[in-house]
Amino acid sequence: YAMSYDGFTWTAPGLASFGGRIFHSKLSPALTVQNGHSVMLWTDAATGSVEGSSGTAGLAWSQPVVIAQGAAKSSMAPAVAVANGSLFAVYKGKTNDNLYYSISSGGAWSKQAQMNGAVTPYAPSIVFPPSSLALVVAWTTKSRQMERAYLSIFGPRPPVKIPGHTNAGPTLAILGSRLYIAWRGIK
């Protein structure tokens, strides 16, 4: 389902669909805005494919496409962010715990690529700090039965271990020039 808010009132919730096909997901979708259109990504309930669609202010959705040129499959919800006009999607593999990404500059999605050293049994988070030139990705990994959240600048820099333990995926947000990360503790 989707709805929008104009600052005064909410629209009625409506099914996210295109041409009579209702988008189905067992997990929460990811939502962002690119070039004045809402963009929604989700993991298809039947196939596990990571799919995407763009919408207008009236929430008319475009025909969904499988991202990563048809290769993307996941068992968790994807994360999406816009950086320098391009869409970046990060998602956990369907049959493994590797973290993958794909990029779209308004046309087709790039081939699926693996984030080196990023392994997670949970959904990742991604954000683009406006004052930065790089995306930030957060994920949780298992190591000797202890799960930790990690934070990484998208690219060659090594990940930073977040203090404390968690057994869920962390989430990210930007407020002004500060990056915020939040995670659920084990106890």
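1. Trp10 comes out as exposed, at a relative accessible area of 54%. Keep in mind that this is a predicted model. A search of the whole structure turns up 3 aromatic pairs. One of them joins Tyr5 and Trp10 in a tilted arrangement, with 4.8 Å from centre to centre and 35° between the planes. Tyr5 is partly exposed, its relative accessibility being 45%.

2. Now look at Phe23 and Trp42. Their ring centres are 4.4 Å apart and the planes meet at 15°, so this pair counts as stacked. It ties together distant parts of the chain, 19 residues apart: Phe23 sits in the loop between β2 and β3 (30-34), and Trp42 belongs to strand β4 (residues 37-43).

3. Ile22 lies in strand β2 (residues 21-22). Its relative accessible area is 32%, so Ile22 is partly exposed.

4. Last, have a look at Gln63, in the loop between β5 (50-55) and β6 (65-66). Gln63 is exposed, with 54% relative accessible area. Which residues does Gln63 touch, leaving aside those up to four places away in sequence? Phe18 and Gly52. As for Glu51, 12 residues from Gln63 along the chain, the two C-alpha atoms are separated by 10.0 Å.

Notes: Residues numbered from 1 in each chain as written. Predicted model: local features only at pLDDT ≥ 70, side-chain atom pairs only at ≥ 80, totals over all residues. Heavy atoms only, no water. Helix = DSSP H or I, 4+ residues; strand = E, 2+ residues; numbered from the N terminus. Buried < 20%, exposed > 50% of the residue type's maximum accessible area, 1.4 Å probe, protein only. Contact = heavy atoms within 4.5 Å. Phe/Tyr/Trp six-rings, centres within 6.5 Å; stacked < 30°, edge-to-face > 60°.
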